[in-house]
Amino acid sequence: MRMFDIIDKKRHGLALTEEEIAYFVKGVTCGEIPDYQTSALLMAICFKGMTEQETAELTLAMAGSGEEMDLSHLRGIKVDKHSTGGIGDKTTLILGPLMAACHLPVVKMSGRGLGLTGGTIDKLEAIPGLSCALSMEDFFRQVEELGVAVASQTASLAPCDKKLYALRDTTATVDCIPLIASSIMSKKLASGSDAIILDVKYGSGAFMKTKEEAEELAEIMVSIGEHCGRRMDYVISDMDQPLGQAVGNAIEVNEAVLALKGEAPEDLMDVVYQLGAKMLVAGEIVKTEKEAYPLMKEHIQDGSALAKFREMIKRQGGDPSFMDTKELLPLGPFSEEICAEQAGIVTKVCADGIGHTALVLGAGRETKDEAIDPGSGVFVCKKVGDPVQKGDVLARIYSGSRELVESAKKECYQAFVIE
Ligand code: URA
(Lines give C-alpha, C1' and ligand atoms only; values in the text may rest on other atoms or scores of the structure.)
Protein backbone atom coordinates (compact mmCIF):
# COMPACT_ATOMS: atom_id res chain seq x y z
CA MET A 1 0.00 0.00 0.00
CA ARG A 2 1.24 3.52 -0.77
CA MET A 3 0.22 6.76 0.87
CA PHE A 4 0.35 8.41 -2.58
CA ASP A 5 -2.51 6.17 -3.82
CA ILE A 6 -4.60 6.80 -0.71
CA ILE A 7 -4.27 10.57 -1.15
CA ASP A 8 -5.05 10.30 -4.86
CA LYS A 9 -8.14 8.15 -4.18
CA LYS A 10 -9.55 10.63 -1.67
CA ARG A 11 -8.67 13.55 -3.93
CA HIS A 12 -10.97 11.99 -6.53
CA GLY A 13 -13.75 11.67 -3.97
CA LEU A 14 -13.63 7.90 -3.50
CA ALA A 15 -14.24 6.15 -0.17
CA LEU A 16 -11.21 4.64 1.57
CA THR A 17 -11.30 1.01 2.70
CA GLU A 18 -10.87 -0.11 6.31
CA GLU A 19 -7.37 -1.39 5.42
CA GLU A 20 -6.34 1.93 3.89
CA ILE A 21 -7.56 3.84 6.95
CA ALA A 22 -5.76 1.41 9.28
CA TYR A 23 -2.56 1.82 7.19
CA PHE A 24 -2.81 5.62 7.46
CA VAL A 25 -3.48 5.64 11.23
CA LYS A 26 -0.69 3.16 11.96
CA GLY A 27 1.76 5.10 9.75
CA VAL A 28 0.92 8.44 11.42
CA THR A 29 1.13 6.97 14.93
CA CYS A 30 4.56 5.42 14.43
CA GLY A 31 5.86 8.43 12.50
CA GLU A 32 6.40 6.58 9.19
CA ILE A 33 4.15 8.84 7.13
CA PRO A 34 5.68 12.28 6.61
CA ASP A 35 3.66 15.32 7.68
CA TYR A 36 3.31 16.56 4.07
CA GLN A 37 1.48 13.40 3.01
CA THR A 38 -0.68 13.38 6.15
CA SER A 39 -1.56 17.05 5.58
CA ALA A 40 -2.40 16.36 1.93
CA LEU A 41 -4.82 13.60 2.93
CA LEU A 42 -6.39 15.78 5.63
CA MET A 43 -6.98 18.54 3.07
CA ALA A 44 -8.45 16.03 0.58
CA ILE A 45 -10.83 14.83 3.34
CA CYS A 46 -11.85 18.46 3.98
CA PHE A 47 -12.75 18.89 0.30
CA LYS A 48 -14.25 15.50 -0.47
CA GLY A 49 -15.62 14.42 2.93
CA MET A 50 -15.96 10.91 4.32
CA THR A 51 -18.87 8.50 4.44
CA GLU A 52 -20.26 7.52 7.84
CA GLN A 53 -18.57 4.15 7.42
CA GLU A 54 -15.17 5.76 6.77
CA THR A 55 -15.63 8.16 9.69
CA ALA A 56 -16.47 5.26 12.03
CA GLU A 57 -13.44 3.28 10.81
CA LEU A 58 -11.13 6.27 11.24
CA THR A 59 -12.48 6.77 14.78
CA LEU A 60 -11.98 3.15 15.78
CA ALA A 61 -8.49 3.02 14.31
CA MET A 62 -7.53 6.22 16.18
CA ALA A 63 -9.08 4.98 19.45
CA GLY A 64 -6.98 1.84 19.09
CA SER A 65 -3.78 3.75 18.31
CA GLY A 66 -2.88 3.88 22.02
CA GLU A 67 -3.97 2.75 25.44
CA GLU A 68 -7.70 2.03 25.91
CA MET A 69 -8.90 2.45 29.49
CA ASP A 70 -10.83 -0.32 31.17
CA LEU A 71 -13.23 1.10 33.76
CA SER A 72 -15.19 -2.13 34.27
CA HIS A 73 -13.77 -2.60 37.80
CA LEU A 74 -15.38 0.67 38.95
CA ARG A 75 -18.89 0.46 40.38
CA GLY A 76 -21.91 1.81 38.52
CA ILE A 77 -22.50 3.06 35.01
CA LYS A 78 -19.70 5.44 34.08
CA VAL A 79 -20.95 8.48 32.21
CA ASP A 80 -18.69 10.94 30.43
CA LYS A 81 -19.59 14.32 28.94
CA HIS A 82 -17.90 16.20 26.19
CA SER A 83 -18.29 19.71 24.93
CA THR A 84 -17.11 20.60 21.44
CA GLY A 85 -15.59 23.73 22.95
CA GLY A 86 -16.79 27.20 23.60
CA ILE A 87 -16.06 30.50 25.28
CA GLY A 88 -16.79 30.51 29.01
CA ASP A 89 -17.74 26.83 29.06
CA LYS A 90 -17.05 25.71 32.61
CA THR A 91 -19.79 23.06 32.70
CA THR A 92 -17.40 20.20 33.56
CA LEU A 93 -16.27 22.02 36.72
CA ILE A 94 -19.90 22.19 37.87
CA LEU A 95 -21.19 18.87 36.55
CA GLY A 96 -18.36 16.72 37.98
CA PRO A 97 -19.14 17.47 41.63
CA LEU A 98 -22.88 17.82 41.00
CA MET A 99 -23.14 14.37 39.39
CA ALA A 100 -21.01 12.86 42.17
CA ALA A 101 -23.40 14.38 44.75
CA CYS A 102 -26.26 12.68 42.84
CA HIS A 103 -24.32 9.34 43.18
CA LEU A 104 -23.28 9.17 39.54
CA PRO A 105 -19.54 8.40 39.29
CA VAL A 106 -17.61 10.78 37.03
CA VAL A 107 -14.30 9.55 35.60
CA LYS A 108 -13.15 12.55 33.62
CA MET A 109 -10.12 12.83 31.39
CA SER A 110 -9.74 16.36 30.06
CA GLY A 111 -7.35 18.33 27.93
CA ARG A 112 -5.50 21.61 28.11
CA GLY A 113 -6.65 24.39 25.85
CA LEU A 114 -5.00 25.32 22.62
CA GLY A 115 -6.77 28.31 21.20
CA LEU A 116 -8.76 31.10 22.73
CA THR A 117 -9.01 30.08 26.39
CA GLY A 118 -7.69 27.34 28.62
CA GLY A 119 -9.12 23.84 28.78
CA THR A 120 -10.69 22.24 31.87
CA ILE A 121 -7.24 21.23 33.17
CA ASP A 122 -5.89 24.79 32.86
CA LYS A 123 -8.95 26.08 34.69
CA LEU A 124 -8.63 23.58 37.56
CA GLU A 125 -4.90 24.18 37.85
CA ALA A 126 -5.63 27.87 38.49
CA ILE A 127 -6.48 26.62 42.01
CA PRO A 128 -3.28 26.87 44.10
CA GLY A 129 -1.62 23.46 44.53
CA LEU A 130 -4.15 21.48 42.50
CA SER A 131 -2.77 18.91 40.07
CA CYS A 132 -4.56 16.89 37.42
CA ALA A 133 -1.52 14.71 36.75
CA LEU A 134 -2.97 11.78 38.70
CA SER A 135 -1.60 8.25 38.56
CA MET A 136 -4.20 5.77 37.31
CA GLU A 137 -4.26 4.22 40.79
CA ASP A 138 -5.03 7.54 42.52
CA PHE A 139 -7.50 8.48 39.79
CA PHE A 140 -9.53 5.29 40.23
CA ARG A 141 -9.30 5.39 44.04
CA GLN A 142 -10.64 8.95 44.06
CA VAL A 143 -13.57 7.96 41.83
CA GLU A 144 -14.36 4.97 44.11
CA GLU A 145 -14.15 7.00 47.33
CA LEU A 146 -15.42 10.43 46.27
CA GLY A 147 -17.33 9.79 43.05
CA VAL A 148 -15.41 12.29 40.93
CA ALA A 149 -11.87 12.84 39.65
CA VAL A 150 -10.60 14.98 36.80
CA ALA A 151 -7.25 13.98 35.33
CA SER A 152 -5.28 15.27 32.36
CA GLN A 153 -5.39 13.10 29.29
CA THR A 154 -2.33 10.89 29.15
CA ALA A 155 -0.09 11.02 26.06
CA SER A 156 -0.93 7.38 25.41
CA LEU A 157 -4.66 8.07 24.86
CA ALA A 158 -5.39 8.15 21.09
CA PRO A 159 -1.84 9.32 20.17
CA CYS A 160 -2.75 9.38 16.47
CA ASP A 161 -5.32 12.10 17.19
CA LYS A 162 -2.68 14.15 18.97
CA LYS A 163 -0.50 14.14 15.86
CA LEU A 164 -3.38 14.76 13.48
CA TYR A 165 -4.81 17.55 15.62
CA ALA A 166 -1.46 19.37 15.75
CA LEU A 167 -1.23 19.20 11.93
CA ARG A 168 -4.88 20.19 11.43
CA ASP A 169 -4.33 23.19 13.65
CA THR A 170 -1.58 24.48 11.35
CA THR A 171 -3.05 23.47 7.95
CA ALA A 172 -6.55 24.97 8.25
CA THR A 173 -8.16 21.52 8.41
CA VAL A 174 -9.81 21.67 11.84
CA ASP A 175 -13.40 22.50 10.93
CA CYS A 176 -14.34 19.42 8.96
CA ILE A 177 -17.16 17.26 10.35
CA PRO A 178 -15.66 13.76 9.84
CA LEU A 179 -12.30 14.93 11.24
CA ILE A 180 -13.88 16.58 14.30
CA ALA A 181 -16.20 13.62 14.94
CA SER A 182 -13.40 11.05 14.70
CA SER A 183 -11.03 13.19 16.81
CA ILE A 184 -13.50 13.65 19.65
CA MET A 185 -14.98 10.17 19.58
CA SER A 186 -11.61 8.38 19.40
CA LYS A 187 -10.63 9.95 22.73
CA LYS A 188 -14.05 9.34 24.27
CA LEU A 189 -14.07 5.67 23.22
CA ALA A 190 -10.51 5.16 24.48
CA SER A 191 -11.49 6.73 27.84
CA GLY A 192 -13.74 3.74 28.51
CA SER A 193 -17.04 5.22 29.78
CA ASP A 194 -20.30 3.32 29.28
CA ALA A 195 -22.24 6.41 28.24
CA ILE A 196 -21.23 9.69 26.59
CA ILE A 197 -23.30 12.87 26.62
CA LEU A 198 -22.23 15.44 24.05
CA ASP A 199 -22.65 19.19 24.16
CA VAL A 200 -22.34 20.29 20.54
CA LYS A 201 -22.10 24.04 20.17
CA TYR A 202 -22.86 26.35 17.30
CA GLY A 203 -22.33 30.07 16.75
CA SER A 204 -19.49 32.57 16.45
CA GLY A 205 -17.45 30.99 19.25
CA ALA A 206 -17.82 27.38 18.03
CA PHE A 207 -16.44 25.20 15.22
CA MET A 208 -19.94 24.75 13.86
CA LYS A 209 -21.43 28.05 12.79
CA THR A 210 -25.04 26.87 12.35
CA LYS A 211 -27.44 24.74 14.35
CA GLU A 212 -27.88 22.40 11.35
CA GLU A 213 -24.13 21.71 11.17
CA ALA A 214 -24.04 21.11 14.94
CA GLU A 215 -26.89 18.60 14.60
CA GLU A 216 -25.10 16.84 11.76
CA LEU A 217 -21.92 16.56 13.85
CA ALA A 218 -23.90 15.32 16.87
CA GLU A 219 -25.73 12.67 14.86
CA ILE A 220 -22.49 11.30 13.42
CA MET A 221 -20.85 11.12 16.85
CA VAL A 222 -23.94 9.41 18.30
CA SER A 223 -23.98 6.82 15.54
CA ILE A 224 -20.25 6.06 16.03
CA GLY A 225 -20.72 5.72 19.81
CA GLU A 226 -23.81 3.52 19.49
CA HIS A 227 -22.04 1.35 16.93
CA CYS A 228 -19.40 0.74 19.63
CA GLY A 229 -22.01 -0.18 22.22
CA ARG A 230 -21.98 3.10 24.17
CA ARG A 231 -25.11 4.89 25.38
CA MET A 232 -25.17 8.25 23.65
CA ASP A 233 -27.19 11.44 23.83
CA TYR A 234 -26.57 15.08 23.04
CA VAL A 235 -27.49 18.69 23.70
CA ILE A 236 -27.15 21.39 21.04
CA SER A 237 -26.25 24.71 22.62
CA ASP A 238 -25.77 28.29 21.49
CA MET A 239 -22.24 29.70 21.47
CA ASP A 240 -22.93 33.04 19.79
CA GLN A 241 -22.26 34.78 23.09
CA PRO A 242 -20.07 33.46 25.95
CA LEU A 243 -21.65 30.97 28.34
CA GLY A 244 -22.23 32.64 31.71
CA GLN A 245 -20.22 35.76 32.49
CA ALA A 246 -16.68 34.55 33.21
CA VAL A 247 -14.11 33.79 30.50
CA GLY A 248 -10.61 32.74 31.53
CA ASN A 249 -9.25 30.30 34.08
CA ALA A 250 -9.41 31.39 37.76
CA ILE A 251 -12.38 33.58 36.84
CA GLU A 252 -14.25 30.54 35.48
CA VAL A 253 -13.44 28.50 38.59
CA ASN A 254 -14.98 31.35 40.59
CA GLU A 255 -18.14 31.22 38.51
CA ALA A 256 -18.29 27.44 38.92
CA VAL A 257 -18.06 27.84 42.71
CA LEU A 258 -20.89 30.39 42.60
CA ALA A 259 -22.90 27.94 40.46
CA LEU A 260 -22.44 25.23 43.08
CA LYS A 261 -23.64 27.78 45.67
CA GLY A 262 -26.74 28.39 43.54
CA GLU A 263 -25.65 31.82 42.33
CA ALA A 264 -24.82 31.30 38.64
CA PRO A 265 -26.28 33.02 35.57
CA GLU A 266 -29.32 31.32 34.10
CA ASP A 267 -27.85 30.56 30.64
CA LEU A 268 -25.00 28.64 32.25
CA MET A 269 -27.28 26.64 34.53
CA ASP A 270 -29.61 25.84 31.61
CA VAL A 271 -26.79 24.01 29.81
CA VAL A 272 -25.56 22.40 33.06
CA TYR A 273 -29.03 21.07 33.90
CA GLN A 274 -29.72 19.85 30.36
CA LEU A 275 -26.46 17.90 30.29
CA GLY A 276 -26.83 16.72 33.89
CA ALA A 277 -30.36 15.43 33.23
CA LYS A 278 -29.14 13.34 30.29
CA MET A 279 -26.17 12.07 32.33
CA LEU A 280 -28.41 11.01 35.21
CA VAL A 281 -30.78 9.16 32.85
CA ALA A 282 -27.88 7.45 31.04
CA GLY A 283 -26.43 6.44 34.41
CA GLU A 284 -29.82 5.07 35.54
CA ILE A 285 -29.93 7.32 38.59
CA VAL A 286 -33.36 8.56 37.44
CA LYS A 287 -35.80 7.24 34.86
CA THR A 288 -36.70 10.52 33.16
CA GLU A 289 -34.98 13.85 32.59
CA LYS A 290 -37.90 15.52 34.38
CA GLU A 291 -37.01 13.66 37.61
CA ALA A 292 -33.37 14.77 37.29
CA TYR A 293 -34.03 18.51 37.66
CA PRO A 294 -35.30 18.54 41.29
CA LEU A 295 -32.54 16.09 42.26
CA MET A 296 -29.79 18.35 40.88
CA LYS A 297 -31.35 21.45 42.43
CA GLU A 298 -31.63 19.71 45.81
CA HIS A 299 -27.90 18.84 45.78
CA ILE A 300 -27.00 22.42 44.99
CA GLN A 301 -29.33 23.84 47.66
CA ASP A 302 -28.17 21.47 50.42
CA GLY A 303 -24.47 22.23 49.71
CA SER A 304 -23.54 18.62 48.90
CA ALA A 305 -22.36 19.40 45.34
CA LEU A 306 -20.16 22.22 46.67
CA ALA A 307 -18.81 19.85 49.36
CA LYS A 308 -17.84 17.37 46.62
CA PHE A 309 -15.93 20.10 44.77
CA ARG A 310 -14.15 21.10 47.99
CA GLU A 311 -13.14 17.49 48.64
CA MET A 312 -12.07 16.99 45.02
CA ILE A 313 -9.79 20.05 45.23
CA LYS A 314 -8.28 18.78 48.51
CA ARG A 315 -7.67 15.28 47.19
CA GLN A 316 -5.98 16.62 44.09
CA GLY A 317 -3.56 18.64 46.25
CA GLY A 318 -5.32 22.01 46.06
CA ASP A 319 -6.23 24.49 48.76
CA PRO A 320 -10.01 25.03 48.80
CA SER A 321 -9.93 27.87 51.36
CA PHE A 322 -10.58 30.43 48.57
CA MET A 323 -14.13 29.06 48.38
CA ASP A 324 -14.94 30.65 51.73
CA THR A 325 -13.79 34.14 50.79
CA LYS A 326 -15.95 36.76 49.09
CA GLU A 327 -13.38 37.44 46.34
CA LEU A 328 -12.70 33.73 45.64
CA LEU A 329 -9.54 33.21 43.49
CA PRO A 330 -7.55 36.40 42.89
CA LEU A 331 -7.73 38.03 39.43
CA GLY A 332 -5.51 40.57 37.70
CA PRO A 333 -3.84 42.39 39.43
CA PHE A 334 -4.33 44.82 36.52
CA SER A 335 -7.88 45.46 35.37
CA GLU A 336 -10.02 47.87 33.41
CA GLU A 337 -13.70 48.53 32.95
CA ILE A 338 -14.99 48.55 29.36
CA CYS A 339 -17.89 51.01 29.21
CA ALA A 340 -20.73 51.68 26.79
CA GLU A 341 -20.24 54.76 24.61
CA GLN A 342 -23.94 55.01 23.81
CA ALA A 343 -27.29 53.97 25.30
CA GLY A 344 -29.37 51.18 23.77
CA ILE A 345 -29.90 47.43 23.89
CA VAL A 346 -27.05 44.93 23.64
CA THR A 347 -27.79 42.93 20.48
CA LYS A 348 -24.55 40.98 20.25
CA VAL A 349 -21.72 39.87 22.53
CA CYS A 350 -19.46 38.14 20.04
CA ALA A 351 -18.13 34.96 21.69
CA ASP A 352 -15.19 34.89 19.33
CA GLY A 353 -14.24 38.50 20.15
CA ILE A 354 -14.46 37.91 23.91
CA GLY A 355 -12.47 34.68 23.54
CA HIS A 356 -9.79 36.50 21.59
CA THR A 357 -9.70 39.26 24.21
CA ALA A 358 -9.10 36.59 26.87
CA LEU A 359 -6.29 35.13 24.75
CA VAL A 360 -4.62 38.54 24.42
CA LEU A 361 -4.92 39.05 28.18
CA GLY A 362 -2.99 35.80 28.76
CA ALA A 363 -5.82 33.30 29.45
CA GLY A 364 -5.12 31.06 26.44
CA ARG A 365 -2.16 29.77 24.49
CA GLU A 366 -1.33 30.02 20.80
CA THR A 367 1.36 27.32 20.87
CA LYS A 368 1.17 24.24 23.01
CA ASP A 369 4.07 25.07 25.34
CA GLU A 370 3.01 28.63 26.16
CA ALA A 371 2.30 29.43 29.82
CA ILE A 372 -1.14 30.60 30.87
CA ASP A 373 -1.75 33.50 33.23
CA PRO A 374 -4.41 32.02 35.56
CA GLY A 375 -5.69 35.36 36.89
CA SER A 376 -6.38 36.89 33.47
CA GLY A 377 -9.74 36.92 31.73
CA VAL A 378 -12.96 38.76 31.01
CA PHE A 379 -16.06 39.23 33.15
CA VAL A 380 -18.99 39.99 30.85
CA CYS A 381 -21.37 42.33 32.69
CA LYS A 382 -23.96 42.79 29.91
CA LYS A 383 -25.41 40.06 27.75
CA VAL A 384 -27.67 40.06 24.69
CA GLY A 385 -30.99 41.77 25.44
CA ASP A 386 -29.71 43.89 28.34
CA PRO A 387 -30.49 47.62 28.19
CA VAL A 388 -27.50 49.92 28.76
CA GLN A 389 -26.95 53.58 29.49
CA LYS A 390 -23.93 55.50 28.22
CA GLY A 391 -21.07 54.80 30.66
CA ASP A 392 -22.45 51.46 31.95
CA VAL A 393 -19.83 48.77 32.43
CA LEU A 394 -20.06 46.19 29.64
CA ALA A 395 -17.14 44.06 30.81
CA ARG A 396 -14.18 43.98 33.17
CA ILE A 397 -10.88 42.71 31.87
CA TYR A 398 -8.05 41.32 34.02
CA SER A 399 -4.41 40.49 33.40
CA GLY A 400 -1.06 40.12 35.11
CA SER A 401 0.30 42.72 32.67
CA ARG A 402 -0.76 46.36 32.40
CA GLU A 403 0.34 46.41 28.73
CA LEU A 404 -1.87 43.44 27.88
CA VAL A 405 -4.87 45.14 29.50
CA GLU A 406 -4.19 48.17 27.30
CA SER A 407 -3.89 46.10 24.13
CA ALA A 408 -7.08 44.08 24.82
CA LYS A 409 -9.40 47.03 25.54
CA LYS A 410 -10.41 47.82 21.97
CA GLU A 411 -11.14 44.25 20.95
CA CYS A 412 -13.25 43.72 24.06
CA TYR A 413 -15.31 46.83 23.32
CA GLN A 414 -15.77 45.76 19.70
CA ALA A 415 -17.26 42.41 20.79
CA PHE A 416 -20.36 44.31 21.96
CA VAL A 417 -23.00 45.62 19.56
CA ILE A 418 -25.41 48.14 21.07
CA GLU A 419 -28.39 49.22 18.99
N1 URA B 1 -12.03 18.89 19.86
C2 URA B 1 -11.29 17.80 19.54
O3 URA B 1 -10.87 17.06 20.44
N4 URA B 1 -11.04 17.56 18.25
C5 URA B 1 -11.49 18.34 17.25
O6 URA B 1 -11.23 18.06 16.10
C7 URA B 1 -12.25 19.47 17.59
C8 URA B 1 -12.51 19.72 18.92
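In what order do the three strands of the open sheet stand, and is their pairing parallel or antiparallel? I shall answer that after a word on the source. Good morning, colleagues.

This is a predicted model, in which local features need pLDDT of at least 70 and side-chain atom pairs count only at pLDDT 80 or more, while totals for chains, interfaces and linings use all residues. Residues are numbered from 1 along each chain as its sequence is written, and side-chain values use heavy atoms, with hydrogens and water left out.

To return to the question, the order is β10-β8-β12, with antiparallel pairing. At the edges stand β10 (387–388) and β12 (416–418), each with a single partner strand, so one side of each has no neighbour in the sheet. Strands here are DSSP runs of E with at least two residues, and helices are runs of H or I with at least four, both numbered from the N terminus. Two strands pair if DSSP finds at least two bridges between them. Strand β8 (residues 344–349) is joined to β10 by two bridges, and G344 has V388 as its bridge partner in β10.

Let me turn to a parallel pair. Strands β2 and β3 are paired in the parallel sense over five bridges. S110 lies in β2 (residues 106–110) and stands opposite S152 in β3. The relative accessible area of S110 is 6%, so this residue is buried; the term means under 20%, with exposed being over 50% and partly exposed in between (1.4 Å probe, protein chains only). Leaving aside neighbours within four places in sequence, S110 is in contact with residues including T120, I121 and V150, where contact means heavy atoms within 4.5 Å. What of β3 itself? Five of the five residues of β3 (residues 148–152) are buried, so this strand is largely enclosed by the rest of the structure. V148, V150 and S152 cover one side, and A149 and A151 the other.

Next come the aromatic rings. Rings of Phe, Tyr and Trp (its six-membered ring) pair if their centres lie within 6.5 Å; planes under 30 degrees apart count as stacked, over 60 as edge-to-face and the rest as tilted. The count comes to two aromatic pairs. One of them is the tilted pair of Y273 and Y293, at 6.0 Å centre to centre and 55 degrees between the planes. Since Y273 belongs to helix α12 (residues 266–282) and Y293 to helix α13 (residues 289–301), the pair ties together parts that are 20 residues apart in sequence. Y273 is buried at 12% relative accessible area, whereas Y293 is partly exposed at 27%. K297 also lies over the face of Y273, at 5.2 Å from the ring centre; a charge counts as over a ring if NZ of Lys or CZ of Arg is within 6 Å of the ring centre and within 35 degrees of the ring normal.

Helix α12 also holds V272, which is buried at 0% relative accessibility. Beyond four places in sequence, V272 touches T91, I94, L95 and L98.

Finally, the domains. The chain is divided into domain 1 (3–49), domain 2 (79–323) and domain 3 (334–418), with bounds from an automatic or database domain assignment. Domain 1 and domain 2 bury about 1,000 Å² between them, 84% of it on carbon and sulfur atoms. T29, L42 and C46 supply 43% of the area that domain 1 buries against domain 2, more than any other three residues. Buried area is the accessible area (1.4 Å probe) that two parts lose on being put together, summed over both.
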